Amino acid sequence: QVQLVESGGGLVQPGGSLGLSCAASRSIDSINVMGWYRQAPGKQRELVASITTVTTGGSTNYADSVKGRFTISRDPAKNTVYLQMNSLKPEDTAVYYCKVVTWPVTYWGQGTQVTVSS
């Protein structure tokens, strides 16, 4: 029904920055939550950040490991969610997936590789 297209992944040095974006292929009337997850090789997929879309501006939530370094934001007019990643560490290396919840349906992006290495 809805396709999420991710972009912005790549290779970056430790301490560098990278920005991810995720856009829905068509407009969605009622998005409840937008978020980012990541999965490293051999590890379970984990929540990175999420933002609610019920109220203007949204309410954000971050994993302890990225708090203060990552920022999630959204553009309702473009049905897009962003993840700005600063002060990147090798531990941040993973495939990053965006997630959109429009109750009661959940959509996932195709994933984009983020590699942090010197």
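Guide: Two strands pair if DSSP finds at least two bridges between them, and helices (H or I, at least four residues) and strands (E, at least two) are themselves DSSP runs, numbered from the N terminus. The model is predicted, so local features need pLDDT of at least 70, side-chain atom pairs count only at pLDDT 80 or more, and totals for chains, interfaces and linings use all residues. Residues are numbered from 1 along each chain as its sequence is written, and side-chain values use heavy atoms, with hydrogens and water left out.

Visitor: Which residue in S10 is the bridge partner of Lys99?
Guide: Strand S10 covers residues 105-108 and runs antiparallel to S9, with 4 bridges joining the two. A hairpin leads from S9 to S10 through 2 residues. Within this pairing, the residue of S10 that Lys99 is bridged to is Trp108.

Visitor: What is omega at the cis peptide bond between Trp103 and Pro104?
Guide: As background, most peptide bonds are trans. Pro104 is placed in the loop between S9 and S10. The bond that joins Trp103 to Pro104 is cis, with omega about 5°.

Visitor: In what order do the 4 strands of the open sheet lie?
Guide: The pairing within this open sheet is antiparallel, and its 4 strands follow the order S1-S3-S8-S7. Its edge strands are S1 (4-7) and S7 (70-75), each of which pairs on one side only. Neighbouring strands are turned by 15° against each other on average, direction ignored, where axes are lines fitted to C-alpha atoms (for helices over the stretch in contact) and angles run from 0 to 180 degrees between N-to-C directions.

Visitor: Which residue of S8 is the bridge partner of Thr71?
Guide: S7 runs antiparallel to strand S8 (residues 80-85) and is joined to it by 6 bridges, with 4 residues between the two strands in a hairpin. Ser73 has Tyr82 as its bridge partner in S8. For Thr71, the bridge partner in S8 is Gln84.

Visitor: Which residue stands opposite Leu83 of S8?
Guide: S3 and S8 run antiparallel and are joined by 6 bridges. Contact means heavy atoms within 4.5 Å, and, not counting residues up to four places away in sequence, Leu83 touches residues including Trp36, Phe70 and Tyr96. Leu83 is also among the residues with the most contacts inside the largest nonpolar core, which has 28 residues; such a core is a set of buried Ala, Val, Leu, Ile, Met, Phe, Trp, Tyr and Cys residues joined through side-chain atoms within 4.5 Å. The residue opposite Leu83 is Leu20.

Visitor: Is Arg38 buried or exposed?
Guide: Arg38 is placed in strand S4 (residues 33-39). Its side chain makes polar contacts (N or O atoms within 3.5 Å, within protein one able to donate a hydrogen and the other to accept it, residues adjacent in sequence counting only if both atoms are side-chain atoms) with the side chain of Ser65 at 3.4 Å and with that of Tyr96 at 2.9 Å. Because its relative accessible area is 6%, Arg38 is buried.

Visitor: What is phi of Ser87 near?
Guide: Most residues other than glycine have a negative phi. Asn79, in the loop between S7 and S8, has a positive phi of about 50°. Ser87 lies in the loop between S8 and S9 and counts as partly exposed at 42% relative accessibility. Its phi is positive too, near 50°.

How values were computed
Buried means under 20% relative accessible area, exposed over 50%, partly exposed in between (1.4 Å probe, protein chains only).
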